[in-house]
Amino acid sequence: MPKNAYLCRRIKESKMNKNLILALIAVPCLLASCGQKKQHDDIIVQQTETPKPQSPIRMQDYKDVKDVQWLGKQYQVEVSRTADDSLRMVKDENGQKFVDNRITLKVIRADGSEFCSKSFTKAAFEGCLDDDYRKTGILEGFVFDKAEGNQLYFAASVCHPQTDEYIPLVVTVSNFGEVGISRDQDLE
């Protein structure tokens, strides 16, 4: 047999062996891939863990005292806020509980006697609130605004706790001690 013919036959045999080996490897791999779904480690939406509610959150107590000139006389206006456990707590969308507040307003004459002393909870403002704020809002703020004519004006708010969402309110006290409450329409 000529040398070239021998080499040609060996090359053909080695190609056949390679093809046979590749076929023997490829067939089980193809069968395995058809029977199983390929698993991906790709995360399409990252899962976030919702925070677990803590013990009820309370706003910090505060007290503000202002000297006010009203109807030609000197008065002192005292506003204090305290978290009140006797009031119904509210929950946010994560189930976190919040303690509602009680606001106490005192208007004191120059001689130290009380002209007016009132206590407010969210219930005092229900006529100005929608169902959402009645259920999930707390009485947050109450501050002296101005003395004008026979009225003392105060700004108040019921808010969704730990957000910037609130309903602005106006509280008036007349020179007869009558209290008026309305929604603030003038947001300047």
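Is isoleucine 138 buried or exposed? In this predicted model, isoleucine 138 counts as buried because its relative accessible area is 2%, and buried means under 20%.

Isoleucine 138 sits in strand β7, which covers residues 138-148. Leaving aside residues up to four places away in sequence, its contacts are Met59, Val90, Val99, Asp100, Asn101, Lys122, Ser157, Val158, Cys159 and Pro161.

Next up is cysteine 116, which belongs to strand β6. Cysteine 116 is buried as well, since its relative accessible area is 5% and the cut-off for buried is under 20%. Once residues up to four places away in sequence are set aside, cysteine 116 touches Leu105, Lys106, Val107 and Val173. Its C-alpha is also 9.6 Å from the C-alpha of asparagine 175, which is 59 residues away along the chain.

Now for the surface. Aspartate 130 is found in the loop that links β6 (114-120) and α2 (131-136). With a relative accessible area of 34%, aspartate 130 is partly exposed. Aspartate 130 also belongs to a surface patch of negative charge, together with Glu93, Asp132, Asp164 and Glu165.

| Residue | Relative accessible area | Class |
|---|---|---|
| Isoleucine 138 | 2% | buried |
| Cysteine 116 | 5% | buried |
| Aspartate 130 | 34% | partly exposed |

Notes. Residues numbered from 1 in each chain as written. Predicted model: local features only at pLDDT ≥ 70, side-chain atom pairs only at ≥ 80, totals over all residues. Heavy atoms only, no water. Patch = residues over 30% accessible without salt bridge, like charges linked within 9 Å, V, L, I, M, F, W, Y side chains within 5 Å. Areas by Shrake-Rupley, 256 points an atom, 1.4 Å probe, with all protein chains shown as cover. Salt bridge = Lys/Arg side-chain N within 4 Å of Asp/Glu carboxyl O. Lys, Arg positive; Asp, Glu negative; His and termini not counted. Charge placed at Lys NZ, Arg CZ, Asp CG, Glu CD. Helix = DSSP H or I, 4+ residues; strand = E, 2+ residues; numbered from the N terminus. Buried < 20%, exposed > 50% of the residue type's maximum accessible area, 1.4 Å probe, protein only. Contact = heavy atoms within 4.5 Å.
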